[in-house]
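User: Could you walk me through this model and tell me what lies behind each label you use? I would like to see the values set against the cut-offs.

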Amino acid sequence: MTRYVHDFADGDMTQRDRLGGKGANLAEMTKLGLPVPPGFTITTDACVAYLDRGHEPDGLAEEVGDHLSSLEAAMGRRLGDPRDPLLVSVRSGASQSMPGMMETVLNVGLNDRSVAGLARASGDERFAADSYRRLLHMFGTTVLGLVDSAFVEALDGLKHERGVTEDIQLDAADLRQLIDTYQRIISAKSGRDFPQDPREQLALSLRAVFDSWNTERAILYRRQEGIPDDLGTAVTVQAMVFGNRGPSSGSGVAFTRDPATGRRGAYGDYLQNAQGEDVVAGIRNTVSLADLAHIDPASHDELMGIMERLEKHYRDLCDIEFTIDDGKLWMLQTRVGKRTAEAAFRIADQMVDEGVIDLDEALRRVTGSQLAQLMFPQFDASSPRQRIARGVGASPGAASGEVVFDSATATKLAAEGRAVILVRRETTPDDLPGMSVARGVLTSRGGKTSHAAVVARGMGRVCVCGADELDIDITGRRMTLPDGTIVREHEPLSIDGTTGEVFSGHVPVTDSVVMRALGGGRAESGDELVGAVRRLTAHADAVRRLSVRANADTAEDATNARRLGAEGIGLCRTEHMFLGPRRRLIEDLIVAEDADGQRAALDALLSLQREDFTAILAAMDGLPVTIRLIDPPLHEFLPEADDLAEEPDPRRKQRLSAALDRLREQNPMLGLRGVRLGFTIPGLVRMQARAVFEAGVERLRAGGDPRPEIMVPLVSTAAELRVIREEIETVAEDVASEHGIAVGYRIGTMIEVPRAALTAEDIARFADFFSFGTNDLTQLTWGFSRDDVEASFLPTYLDRGILPISPFETIDVEGVGALVRAGLERGRSANAALHLGVCGEHGGDPASVRFFDEIGLDYVSCSPYRIPVARLEAARAVLMDP
Ligand code: PEP
Ligand code: MG
């Protein structure tokens with residue numbers, strides 16, 4: 001026979017799934033012998049059965065009746081007894097706390113008769129009337145679904161009439177009048193009278209809790225948090241104790257440590273003569289726990305003792321709700337408390353010092369996203385701000401500065417020491433100089449894998465993308481907000497790359513001490529937070545199996561990445577080296593009229609590439625550096641048709657224009673990219689390979705330890721890799737014999753086309769390593785253009801719950817993930833020595849890192865600033881492994 005109801009005395013904290021968090025912890029506190037008012041919990045199973053069938057399951061009413069009878073016997077009073085009533089509270093409690101579900105109903109059992117009994121028994125008419133008006137208010141809103149304002153307005157109106165400001169200044173007669181008003185409101189607005197039968201009050205309250213599982217807010221929250229819809233909520237029914245019985249009573253909330261900063265020592269708020277939510281509702285000013293020590297020293301001391309005990313017992317920060325009923329302390333709730341990122345790190349570290357937990361457990365208690373929050377500048381929490389638009393939070397942190405609309409102005413102003421925010425519709429490689437000197441980048445188009453986002457993340461620049469409510473007029477040097485307000489160049493603006501928010505004016509930004517410390521800087525002496533982050537990331541390095549590399553394209557990024565813990569470069573995008581003044585050399589290559597012209601262009605590029613690679617190999621000396629052959633569509637290196645007008649040489653102009661026509665593609669991302677370029681532009685691959693090997697020779701001669709890996713992008717069939725590999729090997733042999741020194745190297749490929757993943761056993765015969773390019777693999781698996789969807793239909797998909805999260809952000813395990821797994825298994829089956837990694841944006845995403853660990857990749861590669869996050873999550877992946 002199913003048992004749907006459990007007394008508090010019958011459960012413990014391991015039974016969250018059935019008793020809900022609240023019920024399980026009340027049971028645990030009861031088991032510990034703490035002063036918990038008795039009660040019982042109706043399990044989540046009952047809720048699930050109710051929601052399935054549309055009515056209470058058989059036997060539930062009887063079980064509730066039986067448990068209520070024992071509660072009445074234990075308390076020596078009957079529910080709603082007109083002479084001296086037992087009152088109960090009814091609360092929802094799912095296994096995970098969930099905003100949007102029904103809140104509490106207190107004082108169930110009061111009616112027009114028992115309110116007099118309560119007054120007589122307590123000798124306090126005001127208290128009895130106050131309790132009844134609270135019941136009517138809570139029952140009216142939470143059970144009958146009336147709007148809160150109907151009750152609040154009546155209360156405010158009465159206070160106004162009496163010339164008082166606080167509800168404790170209303171006397172018993174006032175409250176009796178309010179009770180009449182509330183009953184009239186209920187009858188008029190709900191079409192039924194307030195139920196006078198206490199058991200009916202209880203039954204309706206229980207049903208309302210069950211129904212609240214499916215409120216819109218609760219459903220939305222579950223969707224966002226990935227909580228299954230079929231868990232249901234438990235309900236706790238507990239004998240009332242009263243904090244509203246005058247000045248010797250009150251209610252409070254407390255934390256065993258400060259949940260905002262992590263500082264040691266209990267922290268809390270207390271409100272005299274108050275009940276339920278009063279203390280957090282801000283109706284009167286609360287006092288601190290130190291003040292409680294003066295008001296009621298005995299209860300204060302007992303509370304401190306209990307909190308210490310709870311923290312030891314739960315081995316973690318606890319938050320609690322308590323009530324003092326005429327000098328007697330009662331515990332109403334406890335749970336492991338929520339905390340900020342800073343508090344999470346500090347408390348985990350403190351608890352290791354205190355011998356409460358070990359370092360592994362400390363790592364389980366902090367997350368990569370918390371670390372990410374700590375690594376970036378943030379807006380000063382106390383400063384007011386006005387949001388004017390919202391886009392995609394594409395590269396985290398906060399930035400404030402004057403608006404500029406082009407790269408050149410950004411560079412000029414930054415050189416004068418001014419803070420600028422570069423605002424563009426979208427960015428292109430031409431914007432790189434401006435992006436690198438701006439505090440932040442804001443675009444109205446594109447999402448998390450747009451050019452702006454990827455580049456900004458690589459540079460550690462704050463970035464908000466796809467704020468499409470903004471009408472950006474680059475030539476007019478202004479942008480128009482949705483309400484018609486105009487922001488002109490040089491006006492101040494602030495952006496939050498974590499949340500995607502855009503704020504008007506200048507919002508002060510505070511630096512991240514953690515970033516300074518992780519980046520090799522010196523920590524402020526005795527900074528506990530920095531110490532905690534260092535200790536936990538160091539432990540993560542000892543625990544993790546995955547190695548962590550950086551996506552870095554310059555020696556500067558490489559140095560930075562190494563400081564942040566990178567164990568090599570997993571992706572060096574060489575196309576970024578052909579920008580700015582060098583772009584002309586690519587143009588030369590494309591428009592060359594004969595072999596001589598081509599050779600001259602390639603030679604010029606060769607010496608520049610050699611310098612690039614030498615510097616990067618030096619910065620990563622002794623560590624692997626994966627250099628990818630040029631990837632993007634060639635036309636990106638040609639001038640726009642408009643700019644062509646400025647070309648003075650008519651012959652060159654005509655050739656450029658012809659090349660533009662020739663290279664124009666309907667779908668450039670599906671066109672002449674990656675390895676395909678190598679087959680189209682003779683000598684390009686050989687030039688890049690030669691630059692790599694000659695850089696290697698230079699490093700060897702300088703006493704270095706270069707470990708280059710050449711990576712071929714966008715391979716779809718083994719034959720492509722076979723041909724390109726032969727070409728690269730020939731160059732390696734040539735360089736070795738020319739210089740008399742052989743540079744060690746590996747040749748591998750990106751796996752970023754679905755076909756490549758599905759034929760990986762063929763491809764692996766020509767590869768020393770695979771690096772999964774999950775950006776393109778996601779784009780090509782879903783048929784979602786990575787540059788467009790995040791600004792077009794993806795937000796709708798997320799809002800409507802078609803997708804829980806963008807597949808460009810967290811790896812889609814069932815689809816793209818299955819291809820990665822297939823590629824890995826097929827690749828290893830043909831080549832046991834194959835080294836495997838991932839270099840798409842997912843390489844720095846906490847949830848994705850766990851998946852990559854689980855399937856057995858060897859490394860992840862991500863933007864330099866995400867490296868500490870990836871190190872931490874790679875360790876957590878090992879520790880959380882079931
Ligand atoms: C990828 O496709 O995942 C990748 C890393 O390459 P890119 O983003 O440069 O296309
Ligand atoms: Mg790619």
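**Labels and the values behind them**

User: Why is D596 called exposed?

Analyst: D596 has a relative accessibility of 52%. Exposed means over 50% relative accessible area, buried means under 20%, and partly exposed is in between (1.4 Å probe, protein chains only), so D596 counts as exposed. Please keep in mind that this is a predicted model, where local features need pLDDT of at least 70, side-chain atom pairs count only at pLDDT 80 or more, and totals for chains, interfaces and linings use all residues. Residues are numbered from 1 along each chain as its sequence is written, chains are lettered from A and ligands numbered from 1 in the order in which they are written, and side-chain values use heavy atoms, with hydrogens and water left out.

User: What makes R599 and D596 a salt bridge?

Analyst: Their closest N and O atoms are 3.3 Å apart. A salt bridge is a side-chain nitrogen of Lys or Arg within 4 Å of a carboxyl oxygen of Asp or Glu, so the pair qualifies. R599 and D596 are 3 residues apart in helix α23 (residues 595–619), which means about one helical turn separates them. R599 has a relative accessible area of 48% and is therefore partly exposed.

User: How many salt bridges does that rule give?

Analyst: The count comes to 75. Some are linked: R257, R264, E311, E342, R346, E354 and E528 form a network of salt bridges.

User: What ties R549 to E709, and are these residues buried or exposed?

Analyst: Their side chains meet in a salt bridge of 3.2 Å, N to O. R549 belongs to strand β24 (residues 547–551) and E709 to strand β27 (residues 707–712), so the pair ties together parts that are 160 residues apart in sequence. Relative accessible area is 2% for R549, which is therefore buried; E709, with 3%, is buried too.

User: What makes the stretch holding D642 a helix?

Analyst: The helix here is α24, residues 641–644. Helices are DSSP runs (H or I, at least four residues) and strands are runs of E (at least two), numbered from the N terminus. In the whole chain there are 35 helices and 31 strands.

User: Which residues form the negative surface patch, and what puts D642 among them?

Analyst: The patch is formed by E640, D642, D643 and E646. Patches take residues with over 30% relative accessible area and no salt bridge, joining like charges within 9 Å and nonpolar side chains (Val, Leu, Ile, Met, Phe, Trp, Tyr) within 5 Å. Asp and Glu count as negative, Lys and Arg as positive, while His and the chain ends are not counted. D642 has 65% relative accessibility, so D642 counts as exposed.

User: Which residues make the nonpolar patch?

Analyst: F793, Y797 and I802 make a nonpolar surface patch of about 260 Å². Y797 sits in helix α32 (residues 794–799), and its relative accessible area of 32% makes Y797 partly exposed.

User: How is the chain divided?

Analyst: There are domain 1 (67–239), domain 2 (250–336), domain 3 (376–510) and domain 4 (544–632 + 673–880). These bounds come from an automatic or database domain assignment. The C-alpha centres of domain 1 and domain 4 lie 62 Å apart, and the C-alpha atoms of the chain fill a box of roughly 110 × 60 × 55 Å along the principal axes. Of the 882 residues in the chain, 57% are buried.

Definitions and conventions:
Accessible areas come from the Shrake-Rupley method with a 1.4 Å probe; for residues, only the protein chains shown count as cover. The place of a charge is taken as NZ of Lys, CZ of Arg, CG of Asp or CD of Glu.
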